[in-house]
Amino acid sequence: MVTVFCARLGWSNLELILSQFQSRLTFGVQRELCDLVRMSSLNGQRARVLYNGGYQTVAALAGALPEDVEAILGNSAPFER
């Protein structure tokens, strides 16, 4: 609503800033994780683990070997029964 309000008032700079910030607010993550958390199976914590493991984008994650992703996620948290 705020971005529409800014657009109607002609505040294009503020509209641009708020539209870029909107996804961060929606997902509750920092800017670099916004691409990864678009996937429904990833939350902020898992996205951070994958990002630190070298997968910064959904495209990079799609091209990854399943074993590599499994190893990164498996090493990030202790096994729970």
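Contact here means heavy atoms within 4.5 Å. By that rule, and leaving aside residues up to four places away in sequence, Thr-3 touches Glu-15, Leu-18, Ser-19 and Gln-22. The model is predicted: local features need pLDDT of at least 70, side-chain atom pairs count only at pLDDT 80 or more, and totals for chains, interfaces and linings use all residues. Residues are numbered from 1 along each chain as its sequence is written, and side-chain values use heavy atoms, with hydrogens and water left out.

**The N-terminal segment**

Helices (H or I, at least four residues) and strands (E, at least two) are DSSP runs, numbered from the N terminus. Thr-3 is part of helix H1, residues 2-9, and Leu-18 is part of helix H2, residues 12-27. Apart from residues up to four places away in sequence, the contacts of Leu-18 are Val-2, Thr-3 and Cys-6.

For accessibility, buried means under 20% relative accessible area, exposed means over 50%, and partly exposed lies in between, with a 1.4 Å probe and protein chains only. Thr-3 counts as buried because its relative accessibility is 18%. Leu-18, at 26%, counts as partly exposed.

The UniProt record, an unreviewed entry, places the feature "domain: POLQ-like helical" at residues 1-25. UniProt positions are given in the numbering used here, feature names are shortened, and annotations may be inferred rather than shown by experiment. Over residues 1-25 the chain is 88% helix and 0% strand, with the end C-alpha atoms 14 Å apart.

**Cysteines**

A disulfide is a pair of cysteine sulfur atoms within 2.5 Å. The count by this rule is 0 disulfides. Cys-6 is in no disulfide, and the nearest cysteine sulfur, that of Cys-34, is 19 Å away. Cys-34 is likewise in no disulfide, its nearest cysteine sulfur being that of Cys-6 at 19 Å. Cys-6 is buried, with a relative accessible area of 2%, and Cys-34 counts as buried at 12% relative accessibility.

**The loop between H3 and H4**

Gln-56 lies in the loop between H3 and helix H4 (58-62), and Thr-57 lies in the loop between H3 and H4. Gln-56 is partly exposed, with a relative accessible area of 35%; Thr-57 is also partly exposed, at 33% relative accessibility. Beyond residues up to four places away in sequence, Gln-56 touches Glu-32, Asp-35, Leu-36 and Tyr-51. With that exclusion, Thr-57 touches Asp-35 and Leu-36.

The table gives C-alpha separations for pairs of residues in the chain.

| Pair | Residues apart along the chain | C-alpha separation |
|---|---|---|
| Leu-18 and Gln-56 | 38 residues | 23 Å |
| Gln-56 and Glu-32 | 24 residues | 7.6 Å |
| Thr-57 and Leu-33 | 24 residues | 8.2 Å |
| Asn-43 and Gly-28 | 15 residues | 9.3 Å |

**The largest pocket**

Rolling a probe the size of a water molecule over the atoms shows where empty space is left. On a 1 Å grid over the protein atoms alone, a cavity is a set of points where a 1.4 Å probe fits but cannot get out, whereas a pocket is an open set with protein on both sides within 12 Å along at least five of seven lines; lining residues have an atom within 4 Å of a point. Grid points are joined across faces, edges and corners, and a volume is the space filled by probe spheres set on the points.

The largest pocket holds about 190 Å³ of space. Its lining consists of Asn-43, Gln-45, Arg-46, Val-49, Leu-73, Gly-74, Ser-76 and Ala-77. Helix H3 (44-52) and helix H5 (66-76) are the elements that give two or more residues to this lining.

In the classes used here, Ala, Val, Leu, Ile, Met, Phe, Trp, Tyr, Cys and Pro count as nonpolar, Asp, Glu, Lys and Arg as charged, and the others, Gly among them, as polar. The lining of the largest pocket then has 3 nonpolar, 4 polar and 1 charged residues.

Asn-43, one of the lining residues, is found in the loop between H2 and H3. At 38% relative accessibility, Asn-43 counts as partly exposed.
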